[in-house]
Amino acid sequence: MIRINCPVCGSRDENEFTYGGDANVVRPAMDEAETGPWLDYVFMRDNPRGPHREYWHHVMGCRQWLMLERDTLTHEIGDCILARGVA
Amino acid sequence: MRIAGKGLIDRSAPVSFAFDGIGYSGFEGDTLASALLANDVRLVGRSFKYHRPRGILTAGSEEPNALMTIGSGAAQDPNVRATVQELYEGLQARSQNRWPSLGLDLMSVTDLAAPFLGAGFYYKTFMWPRAFWEKLYEPVIRRAAGLGSLSGENNADKYERAYAFCDLLVIGAGPAGLMAALVAGRAGADVVLADEDSRMGGRLLAETYKVDGVPGAAWAEQVLDELRGMDNVRLMTRSTVIGAYDQGTYGVLERVGHHGPRADGAPLETFWRISTKRAILAAGALERPVAFQNNDRPGIMTAGAVRAYLNRWGVSPGRAVTVFGNNDDAHRTAHDLVAAGVHVAGLIDSRHDAPTSDDFTVYRGAQVCGSAGRQRLESITIRTTIGEENLKTDCLAMSGGWNPTVHLTCHMNDRPTWRDDILSFVPTPGSVPGMTAAGACNGAFSTAACLNEGAQAAKQALADLGLKAKGIDVPVAEDTPYTLEPLWAVPGKGRAWLDFQNDVTVKDVKQAATENFRSVEHMKRYTTQGMATDQGKNSNVAALAVLADATGRGIPETGTTTFRPPYSPVAIAALGAGAQGAGFAPKRYMTSHKASVERKAPMIEVGLWYRPSYFPTEGETNWRQSCDREVNMVRNSVGVCDVSTLGKIDIQGPDAAEFLDYVYTNMFSTLKIGRTRYGLMLREDGYVMDDGTTARLSETHFVMTTTTAGAGEVMRHLDFAQQVLRPDLDVSFISVTEQWAQFAVAGPKSRELLDGILDSPLTTKDWPFMACGDVGIQGIAGRLFRISFSGEHAYEIAIPARYGDSLFRLLLAKAEALGGGPYGMESLNILRIEKGFITHAEIHGRITAFDIGMERMVSDKKDCIGKTMSERPGLNDNNREQMVGLKPVGAVKQLTAGAFLFENDDDPVRVNAQGYVTSVGFSPTMEYFMGLAFLQNGPARYGETIKMVDHLRGIQTLCEVVPPVVFDPTGGRVRG
């Protein structure tokens, strides 16, 4: 039961959001023809114990994709910013 | 027995109630437990495992013995603690776990077999034969042991959920909590004060101390009066804070309706989520019993409980009371009883230096080592330095010391800290961010210390909140030191009970240690100590002290088991409030819903939507008749179907076309204005995500449709693609699914029908297949798309949703005049299977464009999401299961979705499976059962005969592999 400080809507209950996965992955350039970087992007994930940068979607609110720092061990919530333009 | 002049009950308001069918009387302000004790009822329950007679042990929510069933029928509420249940007129309580009656419980024979039934007995005994466990042993054991039961009827009670926000949540309204709330309230903080009791004051209501010169209860009332007058303070009685969660979120169960007969409209319980910036835990402490032989006889209670019954409810649980303890606090019980005129037959203190008294005999350095009596206490055996003696008594008040209520501080994974001076665990500071413990739950037991810690904690919280405390005068109160010596279990033969609720003895814990279940967590599971409704509140510390002793370790090294939410039991109904029955999921109705229901169309759920299954007409007795008729109707004249549930996304902006090229496999930038195109969408991993048509209304304006099931996922995907992957594109979009009602008008007479309602007739030149554009519908601006999901000459007509109902009725009237009518989901499905059109039955997440023969739709002129990944060799291999049609050719004509496909000669076992069936239906057009399936190398195998096997339903059908499109393969009708 975490609360997320949406930059648009303010502090909101976790129920309004859906999780969107690891935000550290970097999408290969569109013209990347090798499958290797794509496989890394689509399938390979670290499983860190501690701080984690991840995507959350404020699906029941402003519908913005957010980038959130969350500690996987303590559930502590850090910065939350709009994902737009960051990746 | 009632004591004149004592208690906070209203003696002018008598209340009658019944226990096991016998009528009794109590007073307003009583709990069921205090009223039963006032009526001299001692035997109130049978123990879980051995069916031993049990009486009331405590005066609070930690009660392990006095569990009762309140009410009957659907409203029957089992395992209610009599110590928490407030008395009301007409209350009906029943004892549990006994047969045929509480006094004569035949199941108590298990107690005679107790020497064989110790810890681990079941694990060791019922091992063979293996199958007997589930079928025989477990059901029999479960029937013999147990708690109360539910009625099995549908629960009509209402539960609610609620949310609250505050600066400071104060948990518990004893001296520490009241003081904290007062300081924070006066400083202007937004305060919620929650207490599980019906009346706030905590131990102040149960003691005789004075605070600032007035009785504690009176001081509490003064503080509450002041708090009630503050707009920034909310008081929540009967509200248990059951869990501490992340970032200052707390779960709180409010018992709204348990203290009276069921009231119409009011909920029984409300589950709150309170989000607070700071919290002060002032949950108090729980007294622990002492283990000695037969310490579970009705009449043996905790000393603090005896004092509470005397001082708060004006009840003495006995006429000749004895007290047994290892600490000074136990002496208060004896003093209070004497002051109230109750005979104290003796005080047994294990300490050699215990204080003495002129009012009663003090046995120093002595212990109680046994009890006697039939279903109630009659005497105890005392072991002193000079020998053993018996003492007549009908109530023993025992105290092994007090355990701070540390539970909530451990809910975020931290462990409490052992303090040797008070022989208890106390909260580890910082265990729950933003929460501070104050008062008895922090190991500060005197009233003065509680008041002081409450004030200090509030001051700190105010500083954190940027507020300033003002006018703190901590009142004068008793500050007696609390001294005790260790006393966990009195040595001796026979069974000394640690956990009353689970019938766990000192011997059981020792046996667990002997059998190497030395970890406290293992001991708990092996003996069941600390399980069930009280979660070991009365027994945990003593049990682990015994375990520490048996394993030669100290208590701190032995550690505690994990405290998890909820603090006290919560009904699932309260957690799931609002989600019972129809409230479980929202219902989405189309604008045609009413008209469809009027035509007696059975509705089926499609996601959250309700769609008509078919429209029965006169004389039709089953769905197949209706479905076949509707299919023929569409193929021969015209049908109308509400397709508003499909996702509709309005996309606008200078870069809208480029955005669509990015998310769809095929080109949309080349789409002409006024035309519609079918599009295929992939996930990043290259598999098919969704499909649908997108219409171009202008250079910069598109309307996309998605499948009904995929609408939410597609919208989320587009949000991500636009915001995160392509923020450079100037494009905006929004879901307009609910803003537009959209109807398919399909069949050879569809144009004739539309010409009858559109403001200007359709021409072949302006409205070829896949055309789209604005139309006037009886003067209303709408849209028309010449698209088809049936393979017929067809249109979809869209109108603002507020006109949906009237347009649907108008379309039906016009259709019926042409020999057509409405059609539902069943016939829609047949029409699309005949044409080999896919739905999410086919694109179920493991399907590539190649598998459905659409690999050429992945444009090589541009990039799109999922393109590179879709080109992986394994996703384009001929041996993949690919989409085909099936036609039965043997004696059995039935096809079933989910069945597997095998070579005719192969054994129908998993390793031989070559594919599976996704969609089936009887085609009245082709006059046979057809199916869509995925088959290895399918398109190369047209004409082969294969075997369909449905293991679940026991059906085996020989089929010919055919192309997926069986009707009008050249598509002449759709263009006509």
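Entry 1. I began with helix H10 (residues 506–514) of chain B and helix H12 (residues 540–551) of chain B, whose axes come within 9 Å and cross at roughly 45°. I noted that the model is predicted: local features need pLDDT of at least 70, side-chain atom pairs count only at pLDDT 80 or more, and totals for chains, interfaces and linings use all residues. Residues are numbered from 1 along each chain as its sequence is written, while chains are lettered from A and ligands numbered from 1 in the order in which they are written.

Helices (H or I, at least four residues) and strands (E, at least two) are DSSP runs numbered from the N terminus. Axes are lines fitted to C-alpha atoms, for helices over the stretch in contact, and angles run from 0 to 180 degrees between N-to-C directions.

H10(B) and H12(B) are therefore oblique to each other; under 35 degrees would be roughly parallel, over 145 roughly antiparallel, 65 to 115 roughly perpendicular, and the rest is oblique. H10(B) passes H12(B) in a right-handed crossing, that is, with the near helix turned clockwise from the far one by less than a right angle.

On the H10(B) side I found Val506(B), Val509(B), Lys510(B) and Ala513(B) making the contact, and on the H12(B) side Ala543(B), Val546(B), Leu547(B), Ala550(B) and Thr551(B). Contact means C-beta atoms, placed from the backbone, within 7 Å.

Entry 2. Next I looked at helix H5 (residues 175–186) of chain B and helix H9 (residues 447–465) of chain B, which pack at about 35° with axes 7 Å apart. H5(B) passes H9(B) in a right-handed crossing. Among the residues that meet are Met179(B) and Val183(B) of H5(B) and Leu451(B) and Leu462(B) of H9(B).

Entry 3. Then I turned to chain A. What pattern does chain A follow along the sequence? I read β-β-β-α-β-β-β, with one helix and six strands. Its C-alpha trace spans about 40 × 30 × 20 Å along the principal axes.

Chain A averages a pLDDT of 93, and 99% of its residues score at least 70; pLDDT is the predictor's confidence in each residue, from 0 to 100.

Entry 4. Last, I checked where the chains touch: 22 residues of chain A are in contact with 18 residues of chain B. Helix H1 (residues 35–43) of chain A gives the largest share of chain A's side, three residues.

Key: Two residues are in contact if their C-beta atoms, placed from the backbone, lie within 7 Å.
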